[in-house]
Amino acid sequence: LTITSLILPGQVLAVPAATMPIPAGTQSSRSSSSPATPSASTSVAASVAAATPAPSASSLDAVLDYARAQQGVGYRFFSAGPDAFDCSGLVVAAFRQAGVSLPHQSRALATRGSVVDWTTESIAPGDLVFTSVVNDPTLITHVGIALSSTTWIHAVGVGRTVSIGSLPSNDRIMAVRRIALP
């Protein structure tokens with residue numbers, strides 16, 4: 001599919017359930033690597049873990065270091081690097097560094113891992129933070145990765161780059177999920 005693809009009523013769209021692997025690499029390999037073309041996930045089945053163990057420091061560091069290294073990279077819808085990212089593509093690529101495969105779609109990502117009640121417990125580095133950028137407060141449309149209890153990194157949108165900033169206010173956050181890392 002492309003941005004100009006047309007799907008008519010009555011047609012069936014079959015989308016693979018998993019993303020393609022994101023090449024492991026560093027920021028310096030960005031210019032020599034060709035971008036991966038991930039597949040979308042239609043799976044919305046909950047995969048909530050009863051309890052998510054604390055990730056190993058090296059796995060969490062791999063995720064966060066990769067995400068930080070993408071700061072300044074441009075936005076492109078349905079891209080998961082290395083030359084551009086959309087919000088879920090940044091998450092997919094970062095967690096791939098720790099060997100974790102995730103779907104390339106923010107609403108599908110919001111069904112993964114364990115729930116974090118951000119109103120009663122601190123958001124931790126590596127947590128996925130979900131918001132909406134549309135006027136429907138029930139529709140998750142954006143995701144970023146917490147770097148601390150007060151900052152996150154996210155692929156902001158068209159005409160912008162991957163950026164580090166303050167977490168949205170509690171009333172703008174729609175969900176927080178913690179992904180188990182090896």
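## Basis of the report

The structure is a predicted model, in which local features need pLDDT of at least 70 and side-chain atom pairs count only at pLDDT 80 or more, while totals for chains, interfaces and linings use all residues. Residues are numbered from 1 along each chain as its sequence is written, and side-chain values use heavy atoms, with hydrogens and water left out.

## Overall architecture

The chain has 3 helices and 9 strands. These elements are DSSP runs, numbered from the N terminus: helices are H or I with at least four residues, and strands are E with at least two. Read from the N terminus, their order is β-α-β-β-α-α-β-β-β-β-β-β.

Of the 182 residues in the chain, 42% are buried. A contact means heavy atoms within 4.5 Å. Among contacts between residues at least 6 apart in sequence, 62% join residues at least 24 apart.

## Salt bridges

Side chains of opposite charge can pair when their charged atoms come close. A salt bridge is defined here as a side-chain nitrogen of Lys or Arg within 4 Å of a carboxyl oxygen of Asp or Glu. By this rule the structure contains 3 salt bridges. One of them joins the side chains of R68 and D65, with an N to O distance of 3.4 Å. Both residues belong to helix α1 (residues 57-69), where they stand 3 residues apart, about one turn of the helix. D65 is partly exposed, with a relative accessible area of 45%.

R178 also forms a salt bridge with E121, and the closest N and O atoms of this pair are 3.9 Å apart. This pair links distant parts of the chain, since R178 lies in strand β9 (residues 175-178) and E121 in the loop between β4 (112-115) and β5 (128-131), 57 residues apart. R178 is partly exposed at a relative accessible area of 22%, and E121 is likewise partly exposed at 36% relative accessibility. D127 forms a salt bridge with R178 as well, the closest N and O atoms being 2.7 Å apart. Because D127 lies in the loop between β4 and β5 and R178 in strand β9, the pair ties together parts that are 51 residues apart in sequence. D127 itself counts as buried, at 0% relative accessibility. Through shared partners, the salt bridges join E121, D127 and R178 into one network.

## Packing of helices α1 and α2

Two packed helices are described by the angle between their axes and the distance between the axes. The axes are lines fitted to C-alpha atoms, for helices over the stretch in contact, and angles run from 0 to 180 degrees between N-to-C directions. The axes of α1 and helix α2 (residues 87-96) come within 7 Å and cross at roughly 135°. That makes α1 oblique to α2, given that angles under 35 degrees count as roughly parallel, over 145 as roughly antiparallel, 65 to 115 as roughly perpendicular and the rest as oblique. The contact is made by V63, Y66 and A67 of α1 together with L90, A93, A94 and F95 of α2. These contact residues comprise 7 nonpolar, no polar and no charged; Ala, Val, Leu, Ile, Met, Phe, Trp, Tyr, Cys and Pro count as nonpolar, Asp, Glu, Lys and Arg as charged, and the others, Gly among them, as polar.

Helix α2 is largely enclosed by the rest of the structure, because 10 of its 10 residues are buried. Among these buried residues are C87, S88, G89 and R96.

T131 is found in strand β5 and is buried, with a relative accessible area of 2%. Leaving aside neighbours within four places in sequence, T131 is in contact with residues including L139, I140, W152, P168 and M174.

A175 is found in strand β9 and counts as buried at 15% relative accessibility. The C-alpha atoms of A175 and T131 are separated by 7.2 Å, although the two residues are 44 residues apart along the chain. Not counting residues up to four places away in sequence, A175 touches W118, L128, V129, F130 and I140.

Notes: Buried means under 20% relative accessible area, exposed over 50%, partly exposed in between (1.4 Å probe, protein chains only).
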